[in-house]
Amino acid sequence: TTSEHASLHNGLVNFTQNLRNFPPGPTAVEQFKLLYPLRGWLFWMPTSFMDMDRKDVNTLLCFALFNATVLAVKPFFTEAGNVFFKETQTRAVAEIEGYLGGLLAREMEGLGCEETPNLKTERLRGIVECVGQAAKIAVM
């Protein structure tokens with residue numbers, strides 16, 4: 001799923017860059033049109049990509065970033081109404097943060113006192129930090 005993750009991240013970056021170039025329009029129709037890609041990614045992603053039984057850390061990071069982005073841009077879309085609900089996105093990010101934090105804690109418990117974290121553990125720590133930043137955005 002690496003190419004899928006890269007594609008989703010690129011889409012998210014493009015969406016946020018487009019907001020700088022084309023701020024939300026004054027009408028609800030224009031705002032819905034600008035929000036459509038973000039809504040599509042969150043609500044209509046392929047089911048195979050959203051297979052949460054695997055609990056792929058990259059997929060969870062994607063979801064956390066998308067939900068945080070929704071919350072960060074929501075105030076700019078006043079005419080679009082409640083396309084996204086703050087509680088839903090906030091809860092999603094908090095659950096992802098809790099799951100990944102627990103996963104990291106279990107990884108760290110498995111290490112001996114003198115043992116240095118391996119590359120997998122360090123990568124997981126970085127992902128947990130990114131999701132933590134998304135969680136901070138979510139509660140603003």
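Leaving out neighbours within four places in sequence, Thr121 contacts Leu104, Glu107 and Met108. This is a predicted model. Thr121 lies in helix H5. Its relative accessible area is 0%, which is under 20%, so Thr121 counts as buried. Helix H5 packs with both H3 and H4.

**Overall fold**

- The chain has 5 helices and 0 strands.
- Along the sequence, the pattern reads α-α-α-α-α.
- The chain has 140 residues, and 35% of them count as buried.
- Take the contacts between residues at least 6 apart in sequence: 73% of these join residues at least 24 apart.

**H4 against H5**

- Helix H4 covers residues 86-109, and its axis comes within 9 Å of the H5 axis.
- The two axes cross at roughly 155 degrees.
- That angle is over 145 degrees, so H4 runs roughly antiparallel to H5.
- The crossing of H4 past H5 is left-handed.
- On the H4 side, the contact uses Lys86, Thr90, Val93, Ile96, Glu97, Leu100, Gly101, Leu103, Leu104, Glu107 and Met108.
- On the H5 side, it uses Lys120, Thr121, Leu124, Arg125, Ile127, Val128, Val131, Gly132, Ala134, Ala135 and Ala138.
- By class, the residues of this H4 and H5 contact split into 13 nonpolar, 4 polar and 5 charged.
- Thr121 is one of the H5 residues in this contact, and its own partners Leu104, Glu107 and Met108 are among the H4 residues listed.

**H3 against H5**

- Helix H3 covers residues 57-73, and helix H5 covers residues 119-138.
- Their axes come within 8 Å and cross at roughly 20 degrees.
- That angle is under 35 degrees, so H3 and H5 are roughly parallel.
- H3 passes H5 in a left-handed crossing.
- H3 contributes Val57, Asn58, Leu61, Ala64, Ala68, Leu71 and Ala72.
- H5 contributes Arg123, Leu124, Ile127, Cys130, Val131, Ala134, Ile137 and Ala138.
- The residues of the H3 and H5 contact comprise 13 nonpolar, 1 polar and 1 charged.
- Leu124, Ile127, Val131, Ala134 and Ala138 of H5 meet H3, and these residues also meet H4.

**Threonines in H3**

- Thr59 sits in helix H3.
- Thr59 has a relative accessible area of 5% and is buried.
- Thr59 and Leu8 are 51 residues apart along the chain, yet their C-alpha atoms are separated by 9.8 Å.
- Thr69 also sits in helix H3.
- Thr69 has a relative accessible area of 13% and is buried.
- Not counting residues up to four places away in sequence, Thr69 touches Leu12, Phe15 and Thr16.

**Cysteines**

- Searching the whole structure gives 0 disulfides.
- Cys62 has 0% relative accessibility, so this cysteine counts as buried.
- Cys130 has 39% relative accessibility; this value falls between 20% and 50%, so Cys130 counts as partly exposed.
- Cys130 is one of the H5 residues that meet H3.

Definitions and conventions: Residues are numbered from 1 along each chain as its sequence is written. This is a predicted model: local features need pLDDT of at least 70, side-chain atom pairs count only at pLDDT 80 or more; totals for chains, interfaces and linings use all residues. Side-chain values use heavy atoms; hydrogens and water are left out. Axes are lines fitted to C-alpha atoms, for helices over the stretch in contact, and angles run from 0 to 180 degrees between N-to-C directions. Helices (H or I, at least four residues) and strands (E, at least two) are DSSP runs, numbered from the N terminus. Angles under 35 degrees count as roughly parallel, over 145 as roughly antiparallel, 65 to 115 as roughly perpendicular and the rest as oblique. A crossing is left-handed if the near helix is turned anticlockwise from the far one by less than a right angle, and right-handed if clockwise. Contact means heavy atoms within 4.5 Å. Ala, Val, Leu, Ile, Met, Phe, Trp, Tyr, Cys and Pro count as nonpolar, Asp, Glu, Lys and Arg as charged, and the others, Gly among them, as polar. Buried means under 20% relative accessible area, exposed over 50%, partly exposed in between (1.4 Å probe, protein chains only). A disulfide is a pair of cysteine sulfur atoms within 2.5 Å.
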